[in-house]
Amino acid sequence: MKKALLLSATIFVLASLSLAAQTEVSLYLHDSSVQTFSVNETGKIYFDNERLFIDDGTAVPYSFEVSSIRKMHFDAPVGIEDITTPEFKIYPNPVGSFLKISGTSYPVHYEIFAMDGRLMMVGNSNSETTLDMSSFAKGLYLIKVNGKTFKISKI
């Protein structure tokens, strides 16, 4: 299945990098090249259709075809902490085996994506839901809850 279908034309915004200053993002491409970007606290990384965009906060976003990316690496999982919004809480972050979504008085829809755009898990959460992530590889993931996207780390 094409990555574009997995992404389903949804925009994933990683605006919450929660950085003190900046983080480096390295893209390892299928042509064996590596491109590294410094993304500051006003920058963001997002997918749209079949493209990855890196907005470093200083200029026009860089754009890459998702199919050309072999691997994406962040210099360190900095700024990882529990996610709390007025509508819900996602914890613990970083996650070991189980991730919880709680504090909702109504069902919420969640989707968890690997950094390469693969849909890893999807479902609905009521007042409290525990998600088993024990089979996930260590690394960074995106969790989208009711249209808001956040970064989580699996340790």
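Visitor: How many salt bridges does the count come to?

Guide: A salt bridge is a side-chain nitrogen of Lys or Arg within 4 Å of a carboxyl oxygen of Asp or Glu. By this rule, the count here is 3 salt bridges. Please note that this is a predicted model, in which local features need pLDDT of at least 70 and side-chain atom pairs count only at pLDDT 80 or more, while totals for chains, interfaces and linings use all residues. Residues are numbered from 1 along each chain as its sequence is written, and side-chain values use heavy atoms, with hydrogens and water left out.

Visitor: Which side chain meets that of Glu65 in a salt bridge?

Guide: The partner of Glu65 is Arg51, with an N to O distance of 4.0 Å. Glu65 belongs to strand E6 (residues 62–65) and Arg51 to strand E5 (residues 51–55), so the pair ties together parts that are 14 residues apart in sequence. Strands (E, at least two residues) and helices (H or I, at least four) are DSSP runs, numbered from the N terminus.

Visitor: Is Glu65 buried, exposed or partly exposed?

Guide: Buried means under 20% relative accessible area, exposed means over 50%, and partly exposed lies in between, with a 1.4 Å probe and protein chains only. Glu65 has a relative accessible area of 43% and is therefore partly exposed. Arg51, at 30%, also counts as partly exposed.

Visitor: With which residue does Glu128 form a salt bridge?

Guide: Glu128 pairs with Lys100, and their closest N and O atoms are 3.6 Å apart. Glu128 lies in strand E13 (residues 128–132) and Lys100 in strand E10 (residues 98–102), so this pair ties together parts that are 28 residues apart in sequence. Glu128 is partly exposed at 45%, and Lys100 is partly exposed at 28%.

Visitor: How many bridges join E10 to E13?

Guide: Two strands pair if DSSP finds at least two bridges between them. E10 and E13 are joined by 5 bridges and run antiparallel. Within this pairing, Ile101 stands opposite Thr129 in E13.

Visitor: In what order do the strands of the open sheet stand?

Guide: The order is E8-E9-E10-E13, 4 strands with antiparallel pairing. Strand E8 (83–84) and E13 are at the edges, each with a single partner strand, so one side of each is left without a neighbour in the sheet.

Visitor: Which residue does Asp116 meet in a salt bridge?

Guide: The side chain of Asp116 meets that of Arg118, at 2.9 Å from N to O. Asp116 is partly exposed at 27%, and Arg118 is partly exposed at 40%.
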